[in-house]
Amino acid sequence: MTDHPTNGLDEIVHQRHRLGILTITAEAKRAEFGYLREALDLTPGNLSRHLTVLEEAGMVEVEKGYEGRRPRTWVSITRKGRSALTAELDALTKLVRGHKAEPERPASS
Amino acid sequence: MADGAQGPASDGSRDPGGDSSGPAGDPGGEGSGGSEPTDAAEDHGAYAHATPEQLLGQARTVRRQARRARHAYWFPLVLFGLLSCASVPFYLRSFPPGGGSFLSRYRGPAFLQSQYLGGFGFMTGVGAAYYWLAAILIGLGATAVWYRVRGNRVGLRTPSRGFVITGLVLLAFALLIPVLATRAGAGPLTILMPGDLLVRGTFPPVLIGIGLCVLAWAERSIALTVIAAAYLALSLVASLYDIENVFYDLGWNLNPTDSGLPNVVLPALVLLLSGAGAWVVQRRRRPSPAGPLGPGHAATTAQAS
């Protein structure tokens, strides 16, 4: 096992929409399903599926309820999710820095 | 993003009539996921095409948008500004009319006349401490309700509990410290009663300023941090110095009965003006109809980053 930045990438988090879900929920106490759907430009079904993946991994908690007579679904990030998000962003940052620091190789003919 | 146009999440198959209530609409929790293409290809697409720069750029974009969407601090700024303005009568030397001698005007439980809340200040009149106690409690409660209602409307809840808890703890200390210091006599607790800060009866805005600093942290707002710091600094100056002197030096001689007003009105104006400015800015910021991960957006983001 090397300490290459790619080892810090989590298969669950290293997906743009799930990364987006974790990023938004880390910004707020709770995020509503409708906000996530619009912000990430997802269909309800796909968002639901991504949430299921994250919920099963213990990275988010999904709470369903009603506001008046209107059903609402609230998503909040867990401590594990916050740690995974931090690790993913750190790994991505290291990859970007490594990529920029790496000198370009001459093209082989 | 390079794969922005592929994958079921961002293509034309998006359900235009989708209910924003999400899976709560069908308490089974599966939403319409069962009938849509799975995200296996989408995951593959994310691995295959999204570069680290693009993923980081998207994360920054959604974070910035979420932060902007939930910013709602104009309300507590305006509210506490108005509550501060409403305290002006208690700082008029002529209030209440025909008020009697200095000490005989104070009635009610002594612990409610805390110097931290404006009690026994040489600039304050009868009832200032009662007023500030009620005003701060009303401000905290209304702010908590505001963030809850706003969070429900926008779909993002700001963690305002820290602000409310900080305010309540500060109020508790403000009520308890004078009582404990009085009982202890000339002991070490007298250090908790700094006369220079409390003598004018203008300390409550300092408490509000500390609360706003906590709110700035909850809002993750640099602008609110600057506003709260400026307000806190001005409130401390107003507690330590007679701002009337500045007006006198400028050639504006205030009526003796109004000499305490600048110490109250100036910090209140900071709150009102910054609150009005924040309201204008936050009103202009409408969430973009297309999400940041939609087609075409990611490529722009990646270029920008």
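Start by selecting chain A: of its 109 residues, 50% count as buried, where buried takes 20 or more other C-beta atoms within 10 Å of a residue's own, exposed takes 12 or fewer, partly exposed is in between, and C-beta atoms are placed from the backbone. Keep in mind that this is a predicted model, with local features needing pLDDT of at least 70, side-chain atom pairs counting only at pLDDT 80 or more, and totals for chains, interfaces and linings using all residues. Residues are numbered from 1 along each chain as its sequence is written, while chains are lettered from A and ligands numbered from 1 in the order in which they are written.

Now switch to a cartoon view of chain A. You'll find 4 helices and 3 strands, in the order α-β-α-α-β-β-α along the sequence; these are DSSP runs numbered from the N terminus (helices: H or I, at least four residues; strands: E, at least two). Of the contacts between chain A residues at least 6 apart in sequence, 59% join residues at least 24 apart. A contact here is a pair whose C-beta atoms, placed from the backbone, lie within 7 Å.

Next, pick A:Asp41, in the loop between α2 (33–40) and α3 (44–56) of chain A. Check its backbone: phi is near 55 degrees, positive in a residue other than glycine. A:Asp41 counts as buried because it has 23 C-beta neighbours inside 10 Å.

Last stop, chain B: select B:Arg220, in the loop between α7 (204–219) and α8 (222–240). Here too is a non-glycine with a positive phi, about 50 degrees. Buried or partly exposed, this B:Arg220? With 16 C-beta neighbours inside 10 Å, B:Arg220 counts as partly exposed.

Note on methods:
Contact = placed C-beta atoms within 7 Å.
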